[in-house]
Each structure stands twice: as C-alpha cells, then as structure tokens.
Amino acid sequence: MFDTVIAHGTIVTSAATFPADVGVTDGVIAVLGRGLAGRRTIDAAGRYVIPGGVDMHVHLQMPAGDGIVSSDTFYTGTRAAALGGTTTIVDFVEPLPGETLLAALGARRAEADPQVVIDYGLHMTIGPAEIPKLGQVAAAFAAGCGTFKLYTAYDFRLFDGQVMQAFEAIRDAGGLPVIHAENWDVITTLVGRNLAQGRTTPHWHPRSRPALMEGEAVGRVIDVATLVGTPLHIFHVSCAEAAARIRSARQRGLPISGETCPQYLFLDQDAYDAPGVEGCLPVCSPPLRTPVDQQALWQALAAGDLQVVTTDHCPFTRADKARGLDDFSRIPGGVPSIEMRLSAVFQGVRRGLFSLNRWVALCCTAPARLAGLPAKGDIAIGGDADLVIFDPERRLTLSTASLHEQVDWTPYAGVELQGWPEVVLSRGEVIAAKGVCTAAPGRGRFLSRKPQFPI
Ligand SMILES: [Zn+2]
C-alpha cells in the first residue's frame, strides 16, 4: 500500500514512453507497475505523467537598481512555477561589495527559505568585485552553489582575463560556470550613438545589441573555457549565430551546453515597435530577434544543438518599464515566462519538431543533470516524486487573468497553447491541481548541488 498512486497514465521520460502506474511512498518514487494500490489514487488516464520541470534560470525579487525589484517574490514566483508544472528552480546570489560569498548566500537563503513552495538552488554570481574573492569559490561550492554565474555585460561585466581567472577557480572547485555572453563594448557604443542621434524608442534596443556580436561573445567565452579546460553553459541563446557557436563546439567534442527561453521561441523584435509603454514591456537582454532566429532556435532544440529551455523569468511592472519611455537603455530588462514554459516547449511536439522524450529532456532531465540535481528531472525508482500529470488536450489562452505571475502584463497575451499541467506533485505532495496552488510558503527546500557534465 503506497501513500499515493498515479494510475493509468502514460509515463514520459527523456528516454522512454510507456503505460504504468507510479507508486509513491515518503515523497519518493517507490515503484512503477500495474494495478498498484494506494491510500490516495490520482487517475491519470489519457494524460502524460512526466517529471516535474526544472527551470535553472530565474530571477525572483531581484534588485535591479534605482529601487526597482523584479515583481515576483520567492512565494508568488514559485507558486506560478508550480502551477505551470515546474517543481525546481535555480535563482541567483548577487554578493554586495565587501560581502563574503558565504554571507551573501546566507542572506539570499534567508529571503527565499520562508517563501518558496518548491525546491530551489542558487547560482553564485561572480562579478568584478568578486575577482579578489575567488579564493572563496571552493567554500561557496561546498555550501551548495555548484554553479557560478558570469557576465560579459552590465555592471557585472568581466573582462576576458577576469573570465579566465574565474573559470580557473570554478574548475578547481569542481563547479560549472554559466554565462551571459554579449559584447558590452559594442553595445555601449551603439547605445550611446543611438541616444545621441535621438533614437530613444525601444525599436533601437535590438539594433544596439547585434546578433552577430552575441555570436562573437559566445564564441569568445567558449574559447576561453577551452583554454582553461572547463565545461561551460551558455545562458539565454537568442539567435542563430550564438546557437551555431555552441553546435560547432559540441561537434569538436567540447563540454559546452546552451539554453534558450520561451520569449525567443514565441516573440520577435517587432514587439518593440508597439507604441508607448507597450513597446518597452518586452525589453530583455539579449533582445528578441527575428522570425528567422526563432525558427533557428526551434531547430537547434530539435537537433540537439541546444540542450535546455529555461525562462530567465524576470518580471517588472508596467510602471517600472515606463521609466525608460524616453530612453530605451533605462528600461529594466526582463520578461515573465515562469508559468508557461512546459506548455510552450510542448508546442514543439505538437508541431512535429521533436518527440515527447525530447520535450522532457529539454525541460526536466537535462537541466536537472546540468544543475546538479540527481533526485530531480526523471521518473526513476528512489528519485523525488516530483511529478506532473499533463493534459495534452487542455487549451489555454494566455493572459494576466489565466496566469499567476505577480505582474500586470504578459508578453504572451492572446497566445493559445494546447497542453497544460493538471496536477503537480513535489516530493509526493500535491501542490497544484486544476489551476489552484495549495502549497504552503516555506515548504520548498534549498538544494545543495554538484553539477554533472557534459550533457
Ligand atoms: Zn538571467
């Protein structure tokens, strides 16, 4: 007699699709079989039973300067994630100047621990102020930060020699670097030129961040990683040029991986031409690109050139976005996607681009392995019973009314998706069902992570 049995469903993992019941005891997958009996039975007939989604790139309650903070808290953001079928997230620690990495980790955990409804991990950010602290990387790794975030843009921007030093320290600790790669020097020059010529609308945002130079920056950090001898994961690939650099590296057998996000798969740069604040809302970096890039990214997911879909979820309110109405470079960058990711990528299955198993690999299994979460992202005996009963027929039109993110707009308003989570379990507990999240704040756990690569 199991605690819970999920009966009559079709199990989909990254490797196989087969009919079976799932028996759950003490929050763990105890058995896969037929005719199982449980104290509680959830009928999954006509549904897929997949591992809980793993979104290894989100920014909840993230300070963005000028008193602006991303609008989803660790409670509202993880609640929306759960309702969309994601049962694990990885957010970020951003140390303050003068703060040790461990103190910064402690402070971020103090914000997250009382609020999260799903399990979570944290990437440690290595900015220029952390270069003198690289001796602390091993301690951060031991404290559970298995992944380290680097930038070649913004105030976090590292120069190439600093990237090399950081890669060396992360390699020596056994960690995995993850990176935001754009060419900041070219971007700041183009932004300055455009603003000086009165080109202040968001139309000029993508035109100040050329896809060609994203490709250049991705290629450059791959080369530095190769020089150092470290694996590397490329965040939020937005264009064909960057995907091509990752494909080329993998063809050479290098331990390089890459992700893209729903905004780059569903939206394009024409969104910036909407009048007034509407054009400001979808500003994110890298920017939305062309429909040609969009198709290239879907193909890269299908071909295995990109291994993961994350969201880079980072919502800002309409009022915060409006601060950049007269100057596109002042618009806080980021869009909300945390709730729609599983269904968004499922559309690739519906369009015949890739298999159910590839969908699960992209959203669950590969990010779990890469982020160092061996108990997540799969349906395996002894693994955490993080499970999604997914209704492939359910249709949903996205809107601020149908989504649960704490933000007063969505870039996907009017987008129709088919396939949506019906019931979501985290460690055996039903945390969301039929659009209602019943999980208590603080039930989620911090996960200490040791990445596995290459994937
Ligand atoms: Zn991000």
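This is a short tour of the model, stop by stop, with something to select at each one.

Before you click, keep in mind that this is a predicted model, where local features need pLDDT of at least 70, side-chain atom pairs count only at pLDDT 80 or more, and totals for chains, interfaces and linings use all residues. Residues are numbered from 1 along each chain as its sequence is written.

**Stop 1: the two domains**

Colour 2-50 plus 377-437 as domain 1, and 52-371 as domain 2; these bounds come from an automatic or database domain assignment. Their centres, taken over C-alpha atoms, are 26 Å apart.

Now select the boundary. There, 37 residues of domain 1 are in contact with 47 residues of domain 2 (contact: C-beta atoms, placed from the backbone, within 7 Å). On the domain 1 side, β5 (48-51), β14 (387-397), β15 (416-426) and β16 (429-433) each give two or more residues. Helices (H or I, at least four residues) and strands (E, at least two) are DSSP runs, numbered from the N terminus. β15 gives the most to that side, with seven residues. By class, the domain 1 side has 22 nonpolar, eleven polar and four charged residues (nonpolar: Ala, Val, Leu, Ile, Met, Phe, Trp, Tyr, Cys and Pro; charged: Asp, Glu, Lys and Arg; polar: the others, Gly among them).

**Stop 2: a helix pair**

Next, select α7 (residues 211-228) and α8 (residues 240-251), which pack at about 25° with axes 7 Å apart. Axes are lines fitted to C-alpha atoms, for helices over the stretch in contact, and angles run from 0 to 180 degrees between N-to-C directions. That angle makes α7 roughly parallel to α8 (under 35 degrees; over 145 is roughly antiparallel, 65 to 115 roughly perpendicular, the rest oblique). Show side chains where they meet: α7 brings residues including L212, V218 and I222, and α8 brings residues including A242, R245 and I246. This contact has eight nonpolar, two polar and three charged residues.

**Stop 3: helix α1**

Go to residues 74-83. Is α1 mostly covered or uncovered? Mostly covered: ten of its ten residues are buried (20 or more other C-beta atoms within 10 Å of a residue's own; exposed is 12 or fewer, partly exposed in between, with C-beta atoms placed from the backbone). The cover includes β6 (53-55), β7 (86-93), α2 (101-112), β15, β16 and β17 (436-437). After α1, click G85, whose phi is positive, near 95°.

**Stop 4: A15**

Finish at A15, in the loop between β1 (2-12) and β2 (17-25). A15 counts as exposed because it has 12 C-beta neighbours inside 10 Å.

Definitions and conventions: Two residues are in contact if their C-beta atoms, placed from the backbone, lie within 7 Å.
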